[in-house]
Amino acid sequence: MFHSDSPVTDFGLADFPSGSYSYILYDVLSLVMTFGTKRGREDDPAEAKVQRKERGSRNQYREEDRGANGDERKALETVAGDDDDDDDDDEAEPLDESAVKRMILTFEKRSYKNQELRIKFPDNPEKFMESELDLNDIIQEMHVIATITDLYHLLVELNAVQSLLGLLGHENTDVCIAVVDLLQELTDIDTLHESEEGAQVLIDALVEGQVVALLVQNLDRLDESSKEEADGVHNTLAIIENMTEFRPEICADAAQQGLLQWLLKRLKAKMPFDANKLYCSEILAILLQNNDGTRELLGELDGTDVLLQQLSVFKRHDPSTAEEQ
């Protein structure tokens, strides 16, 4: 409940630019204060589409920035002697059910080989580095599966989903980020709607595999001072947004699996304002829509105080960017 000395009593939603960080925080507080009141996930569908489009643009910029990193990686592959000519043949191969099965089988073999070498030579990276590059390569190749949602069932039937989830705990965060990138593309909301049946099978497997809990564990070890790992955080949040938009009832379980606590910790972290902080506020708003249990959990985690503290900053300082306003 707001008190007379609340740092935001002088504010109203109209005081903040629509879609900005401050606007979203104030809207989240409104959700908390109207405990028990049902609201739609998107009060203004047109505005929500604009916000998703803006996030898409940010993702595009991130992908362009990663171009240089991709060149560095190719150079590393050359040094490691990874000249697998079969990759070109695989890319030219028609993507049918048989091709996807072979791709998944290759992924499983490379994942197992890398795990085996890491166990055998834990203190000698030279022994397992090439297998790690091979594993990363096949994960990148698997992005093409996102173009054929009808074959998503193969990822589940051949246990690839569980293997991918297992790699979220890989010792090399580059591998974890590669898996996150793949899951983000596989769960793209537009892609999911291309085949409801295939999408349902994939989402069921991810939920059964406790994907949110695993993603949160991975978030805890990512260092956002590294651009690649900051991108990994952004894509992790995109996975959660995609899944909750496709299946809203996931929100309650996601909050209980550590996501709500991580979001609050990230919001109050003493870091420069960036796209990830804005995205965290958006995911928080999604989790709180039509879910009294999550709003109650927010109170138990002192989340209301965190939100008030975030908004109080705008009484003392002017926002430095349009998104922060």
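Q: Leaving aside its neighbours within four places in sequence, which residues is Leu237 in contact with?

A: In this predicted model, Leu237 touches Trp262, Leu263, Asn276, Tyr279, Cys280 and Ile283, once neighbours within four places in sequence are left aside. Leu237 itself belongs to helix H13, residues 227–246.

Q: Is Leu237 buried or exposed?

A: The reading rests on a cut-off: a residue under 20% relative accessible area is called buried. Leu237 has a relative accessibility of 0% and therefore counts as buried.

Q: How far apart in space are Leu237 and Leu219, C-alpha to C-alpha?

A: Separation along the chain and separation in space are read as two values. Leu237 and Leu219 are 18 residues apart in sequence, and their C-alpha atoms are 9.6 Å apart in space.

Q: At what angle do helices H12 and H14 pack?

A: Helix H12 (residues 211–219) and helix H14 (residues 250–268) pack at about 25 degrees, and their axes are 8 Å apart. Angles under 35 degrees count as roughly parallel, so H12 and H14 are described as roughly parallel to each other. Their crossing is left-handed.

Q: Which residues make the contact of H12 and H14?

A: H12 contributes Val212, Ala213, Val216 and Leu219, while H14 contributes Ala254, Gln257, Gly258, Leu259 and Trp262. By class, the residues of this contact comprise 7 nonpolar, 2 polar and no charged.

Q: Which residues of the largest nonpolar core touch the most other members?

A: The general idea is that nonpolar side chains tend to be buried together in soluble globular proteins. Here the largest nonpolar core has 82 residues, and Ile139 and Leu284 touch the most other members. Helix H14 gives the most to this core, with 10 residues. Ile139 is in contact with Phe107, Leu167, Val175, Ala178, Val179 and Leu182, leaving aside neighbours within four places in sequence.

Q: Where does Lys109 lie, and is Lys109 buried or exposed?

A: Lys109 lies in helix H5, residues 97–120. An exposed residue has over 50% relative accessible area; Lys109, with 56%, is therefore exposed. Lys109 and Leu135 are 26 residues apart along the chain, and 8.9 Å separates their C-alpha atoms.

Q: Is Arg118 buried or exposed, and which residues does Arg118 touch, not counting residues up to four places away in sequence?

A: Arg118 also lies in helix H5. Its relative accessibility is 18%, so Arg118 counts as buried. Not counting residues up to four places away in sequence, Arg118 touches Phe128, Glu132, His170, Glu171 and Asn172.

Key
Residues numbered from 1 in each chain as written. Predicted model: local features only at pLDDT ≥ 70, side-chain atom pairs only at ≥ 80, totals over all residues. Heavy atoms only, no water. Axes fitted to C-alpha atoms, helices over the stretch in contact; angles between N-to-C directions. Helix = DSSP H or I, 4+ residues; strand = E, 2+ residues; numbered from the N terminus. Parallel < 35°, antiparallel > 145°, perpendicular 65-115°, else oblique. Left-handed = near helix turned anticlockwise from the far one by under 90°. Contact = heavy atoms within 4.5 Å. Nonpolar A, V, L, I, M, F, W, Y, C, P; charged D, E, K, R; others polar. Buried < 20%, exposed > 50% of the residue type's maximum accessible area, 1.4 Å probe, protein only. Core = buried A, V, L, I, M, F, W, Y, C linked by side-chain atoms within 4.5 Å.
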